Amino acid sequence: MRTADLLPLAVAVPLLGAVALVIGGRWLPRVATDALATVWAAMDVADLAWLWAGTGDGHSVSWLGGWYPRRGESVGIVLAGDRIGIGLALLTATLVLAVIVYSWRYFEEPPAQHAGTFPALILLFEAGMCGFALTGDLFDAFVFFELMGAVAYALTGYRIEDPRPVQGALIFGIVNSIGAYCSLLGIGLLYARTGELGLAQIGSALQTHRADALEVVAFVFVMTGLLVKAAVVPFHFWLPDAHSVAPTPVCMLLSGVMVELGVYGAARVYWTVFSGPHGIPHPHLRTAFVAAGVLTALVGAVMCWQQRHLKRMLAFSTVGHVGLFLAGMALLTPAGTAGVALYVAAHAGVKAALFGTTGVLLDRHGSVDEHGLHGRGRDLPLAGAMFTLGGLALAGLPPFGTALGKAVTEHAAEGRFPWLSAVFVVVSAATGGAVLRAAARIFGGAGPRPQEHYAGPETTGSGEEPEIRDPQRRIPAPMLAVPAILLCTSLAVGVLPALAGSLARAARQFTDRTAYAAAVQGHAIAPAAAVPDVGWSTEGVALALASTVLAALLAAAAIWGPALAWRGMGTARAALRAAGRSVVLPLRRLHSGHLGDYVSWLVVGVALLLLVMAA
Amino acid sequence: MSRTARIRLFWAAAVVFAVAYAAACTGLPRFGTLAHPYATRAVAAALHQRTANVVSSVNFDQRAFDTLGEESILFAAVLGTIVLLRHARDERTGRPRPGRVLPSTRLLGMVLLPVTLLTGVYIVAHGQLSPGGGFQGGVILATGLHLAYVAADYRVLKRIRPLAFLDAADAAGAGAFAALGLAGLVAGGAYLQNVLPLGTFGQLSSGGLVPVVNAAVGVEVGAGVIVLLAFFLDQAVEVRSPEEHGTGGGG
């Protein structure tokens with residue numbers, strides 16, 4: 001068997017697994033269904049691990065249906081994987097396996113007669129995400145993008161007893177669908193001009209044209225769907241509403257990989273289609289997307305710090321980190337890409353682990369409210385330790401992979417945007433600090449019971465339905481083991497130099513459009529750029545430690561600050577409160593939960609992007 | 001945001017959108033140009049594969065992987081509907097009432113039901129030759145069955161609609177497509193590569209794998225749409241909200 005044949009199998013295996021689960025789930029006992037799901041998920045991990053090993057530092061290319069290009073032209077679809085795409089698919093498969101194990105005993109009762117439906121949907125989700133990560137065809141990417149969307153909407157609304165998940169899923173579905181329509185419009189424009197759908201083929205066909213309105217508008221439209229999925233401000237409004245209501249195992253996938261796939265898609269499409277001589281110029285794109293990334297990161301960090309609903313807090317922390325990923329990718333250098341790849345891999349483990357431990361709290365106490373749970377997590381020392389460790393990793397504690405990814409990206413930004421390091425430190429400190437604050441209050445009972453500061457609507461997170469209905473039972477072992485293993489993988493990303501090295505070489509491939517186009521046409525050429533350095537540096541460690549310490553200080557100030565009675569504390573508190581009223585309150589009002597608002601912001605985002613890219 | 005602010009914001013942005021899209025459209029190729037790179041290649045490839053219906057050749061052979069993704073979306077949508085429209089704990093169900101139907105409607109339904117099913121099968125089976133195929137034929141099959149609901153009532157529809165079987169058929173159809181793709185790999189080619197003899201151009205048996213895949217999609221779409229509609233009808237006809245009492249609803 002050729003290595004390239006593993007590419008379509010990565011999609012076909014979970015599809016067949018979903019079918020087996022739907023049919024088998026009708027008469028198999030619950031244990032057998034869970035075992036079947038685990039086996040299929042493990043098979044896909046094995047497939048992708050083999051593909052990762054077999055592809056090496058080059059590309060694996062598979063022309064589906066045997067429609068190989070003749071004289072450079074083909075009517076078929078090509079799957080093309082380098083280690084960035086394959087790595088992302090492997091990350092997805094690993095996380096899916098973790099989620100399936102985590103939810104072995106998670107739901108009390110699957111839908112009657114349809115016991116295999118939940119794991120089947122998870123496997124379909126996996127097929128969509130793997131297909132999206134591995135395809136080398138723009139329209140095919142759109143199809144798999146829609147597959148993961150359709151599954152994600154259903155999974156978000158899974159708990160139908162509560163109206164909130166249904167509302168969250170509806171907003172998620174409508175906002176993402178509008179984004180997808182924009183992408184389809186863009187694909188239509190590109191197809192009309194070039195008659196091609198393959199990424200590399202469109203890219204080379206566009207080179208014969210001078211950049212004009214059609215190309216710029218098509219670029220913005222195609223990007224819109226991807227940026228909506230990536231939850232970039234102002235397309236991000238759906239994310240907190242969906243993530244705070246989806247079942248915990250689903251949140252692990254949504255925050256861990258699905259959102260990041262949006263950033264990956266945007267970068268892949270830019271590099272392969274629009275980065276050519278007559279495309280969108282690098283400096284133009286760099287300025288616009290670094291700015292969008294920074295704005296997203298700051299909004300995510302501020303909103304994350306404000307939350308007391310734990311899942312909403314984690315959701316906004318995802319917004320913050322995705323902003324950092326986008327800014328890093330938009331540096332358009334191999335080093336920035338390598339840093340983001342490391343950061344994404346490590347972040348997935350940390351974020352999934354944090355959601356997993358939140359699921360334990362929800363299981364035990366039927367609440368995800370930081371204030372209501374004050375001190376009530378003392379009986380869960382292991383979960384508390386993992387939640388704290390997750391917060392530290394999110395803030396960038398070395399040697400977690402998050403710290404390494406952050407350090408490499410910061411280093412890559414030094415030449416052009418030296419101030420970007422400050423944004424990275426502040427955003428990771430604020431998101432990590434919010435988690436640490438919640439951890440200290442919930443699991444340690446630290447500080448006085450918090451008081452409410454701001455008038456106005458707030459999502460508290462109390463009165464959540466437990467997702468499982470037997471609070472007296474012992475916490476199932478997988479619900480604690482899976483987050484622990486996920487934290488370990490995040491640690492591994494930071495301490496295994498071989499992994500970092502291969503991602504660095506992959507980043508060099510990823511940012512070389514000539515090498516990609518050549519690989520698709522069947523002849524491999526080595527990329528021109530140098531392999532970026534991705535080791536730990538003194539400066540990187542110092543910055544990582546700085547953000548960790550800052551996170552701890554922020555958490556401590558939030559917990560014990562109000563109780564301090566030093567001189568001048570009163571004025572400091574008043575100043576903070578005034579700042580909160582002028583910055584935080586308007587920002588919070590924007591997140592109104594009103595679908596019409598979100599759609600308006602989406603259109604505003606497209607208009608802004610059009611104006612910026614046309615300028 | 002207030003209602004006025006929201007609408008003003010939307011229209012301001014929508015104007016930019018419209019202007020940009022109009023500007024982009026001026027760069028499109030002129031209407032009615034003779035040559036299109038993909039169309040030229042796709043027709044040649046369809047003829048080479050002896051598939052008379054070029055659209056089917058593109059959908060089920062040249063770009064079959066897209067179609068695999070699309071029918072997976074339908075499969076996922078059916079599963080999603082099963083999940084979202086399942087009976088919640090606080091929902092009560094009532095028995096549907098027999099409905100009154102005019103004798104002429106009943107007669108028309110009885111005549112049309114078999115004719116419609118036959119048309120559906122024809123459209124699926126001739127997908128490689130004439131307009132149609134698994135998606136279109138499958139929908140006709142599914143709607144044909146619902147003539148029973150129009151011409152008789154919900155209870156009759158339930159009797160002739162083996163949901164458990166159709167649910168499995170939906171999954172099996174989706175799986176068959178993915179599994180048929182493996183045949184190409186087993187034969188030493190690429191995934192979804194044709195492994196069957198191509199037959200004679202214009203014959204029912206032409207096109208290699210295209211008619212087989214078409215049949216799989218027809219089964220999946222037909223069964224899937226019936227299951228999909230079953231869950232929606234179930235919500236509309238049988239489920240009552242907790243406040244509402246009575247046995248109404250129906251036919």
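**Entry 1: a leucine in chain B**

I began with B:Leu192, which counts as buried because it has 32 C-beta neighbours inside 10 Å. My cut-offs: buried means 20 or more other C-beta atoms within 10 Å of a residue's own, exposed means 12 or fewer, and partly exposed lies in between, with C-beta atoms placed from the backbone. This is a predicted model, where local features need pLDDT of at least 70 and side-chain atom pairs count only at pLDDT 80 or more, while totals for chains, interfaces and linings use all residues. Residues are numbered from 1 along each chain as its sequence is written, and chains are lettered from A and ligands numbered from 1 in the order in which they are written.

I then checked the backbone: phi of B:Leu192 is near 70°, a positive value in a residue other than glycine. I found B:Leu192 in the loop between α9 (163–186) and α10 (210–237) of chain B. Helices here are DSSP runs of H or I with at least four residues, strands are runs of E with at least two, and both are numbered from the N terminus.

A:Leu332 sits in the loop between α12 (310–329) and α13 of chain A. A:Leu332 is buried, with 20 other C-beta atoms within 10 Å.

Where are the cis peptide bonds that I noted? One joins A:Val233 and A:Pro234, with omega about 0°, and A:Pro234 lies in the loop between α8 and α9 (238–243) of chain A. Another joins A:Pro398 and A:Pro399, again with omega about 0°, and A:Pro399 lies in the loop between α14 (381–395) and α15 (401–413) of chain A.

**Entry 2: chain A overall**

I counted up chain A as 22 helices and two strands. Its radius of gyration is 23 Å, close to the 25 Å that the globule rule gives for 615 residues, so chain A is as compact as a globular protein of that length. The radius is taken over C-alpha atoms, and the rule is 2.2 Å times the number of residues to the power 0.38. The C-alpha trace of chain A spans about 75 × 60 × 45 Å along its principal axes. I noted that 64% of the 615 residues of chain A count as buried.

**Entry 3: one alanine**

I picked A:Ala297 in helix α11 (residues 282–306) of chain A. A:Ala297 is buried, with 29 C-beta neighbours inside 10 Å. Beyond its neighbours within four places in sequence, the contacts of A:Ala297 include A:Gly320, A:Ala327 and A:Val423; a contact means C-beta atoms, placed from the backbone, within 7 Å. A:Ala297 and A:Ala327 are 30 residues apart in sequence and 8.8 Å apart in space, C-alpha to C-alpha.

**Entry 4: where the chains meet**

How many residues does each chain bring to the contact? I get 61 residues from chain A and 59 residues from chain B. Among the elements of chain A that give two or more residues to this side are α1 (6–24), α5 (138–156) and α22 (595–614). The largest share, 10 residues, comes from α5(A). By class, I list 39 nonpolar, 12 polar and 10 charged residues on the side of chain A that touches chain B. Ala, Val, Leu, Ile, Met, Phe, Trp, Tyr, Cys and Pro count as nonpolar, Asp, Glu, Lys and Arg as charged, and the others, Gly among them, as polar.

Technical notes:
Contact = placed C-beta atoms within 7 Å.
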